[in-house]
Amino acid sequence: MTDRQPASSAKHCPPEIAVAVVDAETPGNVGTIARAMKNFGLSELLLVNPPELDPDGEAYGFAGQARTDILPNATELSLDELAEGYHTVACTAVPNEDPNNHIRYPAMEVGELADHLDGVTEPTAIVFGRERVGLTNEELAQLDALCSIPASETYPSLNLGQAATITLYELRELTVNSTQHPNALHRRAPKGEVERLHDQFAAYVDAVGHPEPKREKATRMFRRLLGRAHPTPRETSTLHGLLRRGTQWADGSHPAEDSSNESEREN
Ligand code: SAH
């Protein structure tokens with residue numbers, strides 16, 4: 001572990017977001033957190049009274065690619081140093097509802113955290129507590145803001161590593177410059193192509209002799225179906241080609257073997 005570096009050495013442009021773990025017992029959880037940090041574009045790991053992190057042990061085993069940088073570069077510090085040097089957001093499973101007792105009140109929901117931190121330029125740390133008892137009231141009293149992941153009322157306490165993973169995922173818009181996803185995972189067919197498909201469906205319904213009173217209902221149902229599905233260009237053209245072929249068969253106008261260019265394009 002390195003000595004404490006000035007927070008400005010962290011690579012992240014504002015807000016600089018560090019992750020702090022107070023008094024973790026299980027090295028595997030620290031490794032899981034380091035990995036989640038790397039997944040979501042954070043790099044500064046702060047450890048208050050950490051367990052021993054053996055390079056051949058669980059922490060390094062669980063850290064994935066973070067074993068080469070985030071974990072060995074983690075900074076050990078005291079809770080006082082953490083509270084003094086950072087804007088701190090404490091994650092707790094148990095916020096309270098009493099506006100007269102501010103130790104665990106008010107807590108934001110984790111989904112609000114990115115908005116809360118957007119534009120904050122001071123060094124910031126998201127703080128997680130020990131596995132069994134979390135952060136104590138004394139510790140919470142020293143930290144600036146509270147955040148909680150909504151979970152079952154009867155068992156709201158998540159595993160430490162998983163709680164950190166969810167929290168860091170929620171911060172991704174502030175911390176991840178670009179994801180592995182292409183710009184659009186689902187490209188929708190242009191409106192004109194979808195309308196062509198609707199026209200072809202109507203022709204098909206006529207051609208197969210669907211009872212006259214039911215035709216309007218069938219075409220409306222198809223419109224609702226495509227409206228929910230947002231078909232891709234390929235799906236739209238394939239369906240169009242099939243319906244056109246079905247319409248031709250029903251009309252008796254189908255070509256014996258349709259190997260036209262258009263058919264290839266559509267299928
Ligand atoms: N009973 C403990 C649970 C400890 S779990 C408590 O009261 O917090 C270990 C750590 O995971 C907690 O200190 C907290 O930082 C985080 N955590 C677990 N569940 C969470 C939740 N629902 N919301 C926010 N943080 C949570």
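1. Of the 267 residues in the protein, 32% are buried, where a residue is called buried if 20 or more other C-beta atoms lie within 10 Å of its own, exposed if 12 or fewer do, and partly exposed in between, with the C-beta atoms placed from the backbone. The model is a predicted one, in which local features need pLDDT of at least 70 and side-chain atom pairs count only at pLDDT 80 or more, while totals for chains, interfaces and linings use all residues. Residue numbers start from 1 along each chain as its sequence is written.

2. The protein has 11 helices and 7 strands; these elements are DSSP runs numbered from the N terminus, with helices being H or I runs of at least four residues and strands being E runs of at least two. Among the contacts in the protein with a separation of 6 or more, 83% come from residues 24 or more positions apart, a contact being two residues whose C-beta atoms, placed from the backbone, lie within 7 Å.

3. An open sheet of 7 strands runs in the order β3-β2-β1-β6-β4-β7-β5, with parallel pairing. The edge strands are β3 (75-76) and β5 (107-109), each of which pairs on one side only. Two strands are said to pair if DSSP finds at least two bridges between them. In general, strands of a sheet pair through backbone hydrogen bonds, either parallel or antiparallel.

4. Strand β1 (residues 17-22) has 6 of its 6 residues buried, so it is largely enclosed by the rest of the structure. Ile17, Val19 and Val21 point one way from β1, while Ala18, Ala20 and Val22 point the other way. As a rule, the side chains of a regular strand alternate between the two faces of the sheet. β1 pairs in the parallel sense with β6 over 5 bridges, and Ala20 stands opposite Val127 in β6. β1 also pairs in the parallel sense with strand β2 (residues 44-48), over 5 bridges, and there Val19 has Leu45 as its bridge partner.

5. Strand β4 (residues 87-91) is largely enclosed by the rest of the structure, because 4 of its 5 residues are buried. β4 is joined to strand β6 (residues 124-128) by 4 bridges, and the two run parallel; Val127 in β6 is the bridge partner of Ala90. With strand β7 (residues 145-148), β4 pairs in the parallel sense over 3 bridges, where Cys91 has Cys147 as its bridge partner.

6. Helix α10 (residues 233-251) has 19 residues and reaches 27 Å from its first C-alpha to its last, close to the 27 Å expected at 1.5 Å a residue, the expected span being 1.5 Å times one less than the number of residues. In α10, Thr236, His240, Leu243, Arg244 and Thr247 are buried. Seen down the axis of α10, these buried residues fall within an arc of 105°, so they line one face of the helix; the arc is that of the directions from the helix axis to the C-beta atoms. α10 is followed by Gly252, whose phi is positive, near 75°.

7. Leu174 lies in helix α7 (residues 172-175) and counts as buried because it has 22 C-beta neighbours inside 10 Å. Leu174 and Glu16 are 158 residues apart in sequence, yet 9.3 Å apart in space, C-alpha to C-alpha.

8. The ligand is surrounded by 18 residues, of which the closest are Ala93, Gly129, Gly134, Ile149 and Ala163; a residue is near a molecule or strand if its C-beta atom, placed from the backbone, lies within 6 Å of it. This shell has 12 nonpolar, 5 polar and 1 charged residues, where Ala, Val, Leu, Ile, Met, Phe, Trp, Tyr, Cys and Pro count as nonpolar, Asp, Glu, Lys and Arg as charged, and the others, Gly among them, as polar.
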